[in-house]
Every structure is written in structure tokens, then in C-alpha cells.
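This briefing covers a single protein structure, grouped by topic. Please read it alongside the sequence and the coordinates.

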Amino acid sequence: MMTAEGLAARSASLARLFEKKLKLRGGGLEAKLNRAGRRLPPRVRREAELLVAAERAAGHPRLMRQFDPAALDAAHAGCARWLRGVDLRRRRRDRALNLLAANVFNLLIVAGAFVGYLVWSGHL
């Protein structure tokens, strides 16, 4: 059976990883999970929510029995594995390139519409 202190230590370590890798500030794991929003894959979000629910129930021994220690270990390991694989520099570069690509595409559409108008009106 997992103790409340052990669960709190795991949640704190994940909260530090969230802060380091995703630059999320705030309270504990629950607050950082709420701020992460859509940056997390659904699997990682589910695992982190399981840990948050277990952390809420940690003060009540009967409620804590509802959580499988092996599932909590796997959830912590899965979240930590994904967070350690996050490359913040690459994510920023990809976001900038996606924004640039979208703007270039929109510019091509507007230019094509303008040329189409010129052809249709007989100016070209």
C-alpha cells in the first residue's frame, strides 16, 4: 500500500517536471495539470488525473484502498517518461514554423484570388 507521503513526493516530482519541461507555474500537480490544457496527450492527462485523485484521497485510508499501487506506479512512470522526452526548444521551433507556414499559405491564397480577379476582369 502506498503512503500519503510517498504519493505526495511523487506528485511533487511530477510537478517539478511540469514546471521544468512545460514552463507551468503555480501550485501543485493539480494546478499545473489544469494549466497544461491541450499540451498534454490524452493518455498522459488520464495518468496525471489518476495521480491527482489518489493525492486527494491520500488522507483517508479507506478511500486510498480504491487505488491500485501498481496502477499508480505505472501512471507516475508514464507521465515522467513523457515529460522527460519533451524538448522545449523543438516545441517552440515547431510552433513558430507552423505559424509561418499558415501565414505563407494564407498569403498564397490571397495572391491567387487577386490574380484570379485580374484574369476575370480582363486586366491580365
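**Lys-32 and the salt bridges**

Lys-32 counts as buried, at 3% relative accessibility; buried means under 20% relative accessible area, exposed over 50%, and partly exposed in between, with a 1.4 Å probe and protein chains only. The side chain of Lys-32 meets that of Glu-19 in a salt bridge, 3.2 Å from N to O. The model is predicted: local features need pLDDT of at least 70, side-chain atom pairs count only at pLDDT 80 or more, and totals for chains, interfaces and linings use all residues. Residues are numbered from 1 along each chain as its sequence is written, and side-chain values use heavy atoms, with hydrogens and water left out.

**Charged pairs**

- The structure holds seven salt bridges, a salt bridge being a side-chain nitrogen of Lys or Arg within 4 Å of a carboxyl oxygen of Asp or Glu.
- Side chains of opposite charge can pair when their charged atoms come close.
- Glu-19 is partly exposed, with a relative accessible area of 35%.
- Arg-56 forms a salt bridge with Glu-30, and their closest N and O atoms are 2.3 Å apart.
- Because Arg-56 lies in helix H3 and Glu-30 in helix H2, this pair ties together parts that are 26 residues apart in sequence.
- Arg-56 is exposed at a relative accessible area of 57%, whereas Glu-30 counts as partly exposed at 34%.
- Arg-45 and Glu-49 meet through their side chains in a salt bridge of 3.7 Å, N to O.
- Both Arg-45 and Glu-49 lie in helix H3, four residues apart, which is about one turn of the helix.
- Glu-49 counts as partly exposed, at 40% relative accessibility.
- A network of salt bridges links Arg-90, Arg-93 and Asp-94.

**Nonpolar core**

- The largest nonpolar core has 26 residues, and Leu-14 and Phe-18 touch the most other members; such a core is a set of buried Ala, Val, Leu, Ile, Met, Phe, Trp, Tyr and Cys residues joined through side-chain atoms within 4.5 Å.
- Two or more residues of this core come from each of helix H1 (4–22), helix H2 (29–36), helix H3 (42–56) and helix H5 (69–84).
- Not counting residues up to four places away in sequence, Leu-14 touches Leu-29, Leu-51, His-76, Cys-79, Ala-80 and Leu-83, where contact means heavy atoms within 4.5 Å.

**Loop residues**

- Lys-23 lies in the loop between H1 and H2.
- Phi of Lys-23 is near 55°, a positive value in a residue other than glycine.
- Most residues other than glycine have a negative phi.
- Lys-23 is in contact with Phe-18, Leu-88 and Arg-92, leaving aside neighbours within four places in sequence.
- From C-alpha to C-alpha, Lys-23 and Arg-81 are 17 Å apart in space, and they are 58 residues apart in sequence.
- Gly-59 is found in the loop between H3 and helix H4 (61–64), and counts as exposed at 62% relative accessibility.
- A separation of 47 Å lies between the C-alpha atoms of Gly-59 and Leu-97, which are 38 residues apart along the chain.

**Aromatic pair and surface patch**

- One aromatic pair is found in a search of the whole structure; rings of Phe, Tyr and Trp (its six-membered ring) pair if their centres lie within 6.5 Å, with planes under 30 degrees apart counted as stacked, over 60 as edge-to-face and the rest as tilted.
- The pair is Tyr-117 and Trp-120, and it is tilted because the ring centres are 6.2 Å apart and the planes are at 45°.
- Tyr-117 and Trp-120 are three residues apart in helix H6, so about one helical turn separates them.
- Tyr-117 is partly exposed, with a relative accessible area of 47%, while Trp-120 counts as exposed at 70%.
- Phe-114, Val-115, Tyr-117, Val-119, Trp-120 and Leu-124 form a nonpolar patch on the surface, with about 730 Å² of accessible area together.
- Patches are made of residues with over 30% relative accessible area and no salt bridge, like charges being joined within 9 Å and nonpolar side chains (Val, Leu, Ile, Met, Phe, Trp, Tyr) within 5 Å.
- Accessible areas come from the Shrake-Rupley method with a 1.4 Å probe, and for residues only the protein chains shown count as cover.
- Val-115 lies in helix H6 (residues 88–121) and is partly exposed, with a relative accessible area of 41%.
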